[in-house]
Amino acid sequence: MANTLVEKILMKNTGIKHVEVGDIVISHPDMFMVHDIYTPYLYETLKEMETEKLDDPDKVTIMFDHCLPTAVAKNDSVHYDAGINLSKKYGIKKVHIGEGICHTLMHEYHYAKPGTVVTATDSHTTTYGGGGCFCTGIGTAEMGAALTTGELWFKIPSAIKVILKGKFKKGVYAKDLIETILGDIRSDGAQYKSIEFTGEGVKNISMESRYTICNMGLEAGAKCALFPADEKTAEYFDMDLKDIEWVKPDEDAKYERTLEYDLGDIQPSLSCPQGVDNVHGIDEVKGKKVQEVYIGSCTNGSIEDLGVAANILKNKKIAPYMKLIVVPASNTIFKQAIELGYIQTFIEAGGVISHPSCALCCGMPYGLLSDDEAILSTANRNFIGRMGTKKSLIYLGSPAIAAVTALNGEISDPREYLEAEA
Amino acid sequence: MEKVFKGRVWKMGDDIDTDTIIPGRRGTIPEMKEMGKYAFELLRPEFASESKDGDIIVGGKNFGCGFSREQAASVIAINGIKVVIAKSFARIFFRNAFNKGLILIESDGVQDACKDGDTMEVELNKCIRVNGQEFPVKKIPDNLLQIVEDGGLIESIKKRNRALKQREVN
Ligand code: SF4
């Protein structure tokens, strides 16, 4: 029988030979991630459950990224202390403090490998699907139970197939594709479903870009978003392609819905205030004044993203009074960006560099907006008040849109800019 | 655990949201038993007083949508309901329900075969029987039924941990 990719991964994990949509299966996840937001609640839950020992502490990682360095004196230290206590009490050794955003670290550290099952206490856990990993977010009670027993049940989701063809044109990126898809299927279009990308266009999409796409798949309500494993995946994970070749959907797998996109047809697109699925092509939005630009987050804080922005900003100055904030997603990326001269470029262009963390994406320092200010952000959510007051406006776009917008002081089309440069 | 449930049908429609199940303003009642008295108070005010152990709720599409309010599942369970059948469930509600000791069964078809007040029998992992008709149901893994039987996730893990401890001592 032909299976979707999510079915194949769950079948491998559970050893069950035949599954279909709606079946409930009990998996043994390969890796669990807890980030600092949930450490106090997890600690309490485990206490309530009277758990003294975890099933396998080596399969657990704790990451401090949302509340670090401390932004709110009293609250944030509670999260920090609880995380440290968890690691000490339960012998969790994979502890990452201030090294970057959890979702980025999960694939950088190769914790979320192709063909494996991973779960975490955060909604954007869908990110690692870019590397062919089945990963989805859970709450603290379930995390507590799963850490104790090593088991977690899943319902086999129905799946949406997205066939990709061709190549992005100059000035168009992964962010534009996923926003276009979000605009088409809307924020509930993939509720509880698996979004699976296939087609010859996949090979033209970098690993960083695949992570961007799967990160935002969550905004369509997806349980997971998955790319098949190919040469690029094998190289990223330093694995033999032969071992992960199976990580792809079967030819005749049954999908609830199939969408097709020619990457060459995608236009620069933005999610406009205030809904991630309120998507408009650049032509409808350009010219809109913004006071701030944020390049970072687990969606678009990769070295590739910083490179795209740095190339546009090189030897240029941002618009007068513009606030540009750049946050590399991890320390590794930060160091690379220094070596490659990107950080120098951002500083010389007039930008401010913040430490690798969630930063402004979840309303942490620095750069919070006040009433009637507008921001062009490369993050994944533009919910009301997420980056400042309730009357601030958030536009979401690619790092290229972000960079040209910083230069012009108004939302601009990177294609026009890149053509003029060529 | 018990594999057969028999009781009266509480028939409900599509999109029963968590606010319909338990209004937000009742969500702060500290005692779950007390809160349970207000389950479905706007839609079916007689529910809490008339429902009996083993009764079965039959809903339409998207049962449990709305907020991720965990109490929604608890207030149903506390009224003796063990099984809720619907065409589909909201994702968060689906996970919460099992973790709070409620069995959810997806079935599209029984809705047309029964009306409110009918008697229905659910045989887990086998079928739903009502008015002479049978509808097959999907299998639910034993470990998950164990959680339901133990009265929810936290209780279940606690029980397991205690049993483990006892074995270690002996
Ligand atoms: S960067 Fe934003 S979306 Fe990503 S984990 Fe942090 S807060 Fe969540």
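**Entry 1: domains of chain A**

I counted contacts between the two domains of chain A: 37 residues of domain 1 touch 40 residues of domain 2. Contact here means heavy atoms within 4.5 Å. The model is predicted: local features need pLDDT of at least 70, side-chain atom pairs count only at pLDDT 80 or more, and totals for chains, interfaces and linings use all residues. Residues are numbered from 1 along each chain as its sequence is written, chains are lettered from A and ligands numbered from 1 in the order in which they are written, and side-chain values use heavy atoms, with hydrogens and water left out.

I noted the bounds next: domain 1 of chain A is 5–264 and domain 2 is 269–421. Such bounds come from an automatic or database domain assignment. The C-alpha centres of the two domains lie 25 Å apart.

I then looked up the buried area, the accessible area (1.4 Å probe) that two parts lose on being put together, summed over both. Between domain 1 and domain 2 of chain A it is about 2900 Å², with 56% from carbon and sulfur atoms. On the domain 1 side, A:Ile101, A:Lys175 and A:Glu179 lose the most area, together 20% of what that side buries.

**Entry 2**

I found 2 salt bridges between domain 1 and domain 2 of chain A. The rule asks for a side-chain nitrogen of Lys or Arg within 4 Å of a carboxyl oxygen of Asp or Glu. I also looked at the pair A:Glu219 and A:Arg381, a salt bridge with its closest N and O atoms 3.1 Å apart.

I checked which elements of domain 1 face domain 2 in chain A. α4 (102–108), α6 (174–185) and α7 (207–217) of chain A each supply at least two residues. α6(A) has the largest share, 6 residues. Helices (H or I, at least four residues) and strands (E, at least two) are DSSP runs, numbered from the N terminus.

**Entry 3: chain A against chain B**

I count 26 residues of chain A in contact with 19 of chain B. The two chains bury about 2200 Å² between them. A:Ile24, A:Glu50 and A:Trp153 supply 29% of the area chain A buries there, more than any other three residues.

The rule finds 6 salt bridges across this interface. I looked up A:Glu50 with B:Arg162, at 2.5 Å from N to O. B:Lys138 also pairs with A:Glu20, at 3.4 Å. That pair runs from the loop between β7 (133–136) and α7 (142–149) of chain B to the loop between α1 (5–14) and β1 of chain A.

I get 12 residue pairs in polar contact across the interface, both residues at pLDDT 80 or more. Among the elements on the chain A side, α5(A) gives the most, with 5 residues.

**Entry 4: the ligand**

I listed the residues around the ligand, meaning those with a heavy atom within 4 Å of it. Among them are A:His66, A:His103, A:His124, A:Cys298, A:Cys358, A:Cys361 and A:Cys362. A:Ile101 is also in this shell. Both domains of chain A contribute at least three residues each.

Methods. A polar contact is a pair of N or O atoms within 3.5 Å; within protein, one must be able to donate a hydrogen and the other to accept it, and residues adjacent in sequence count only if both atoms are side-chain atoms.
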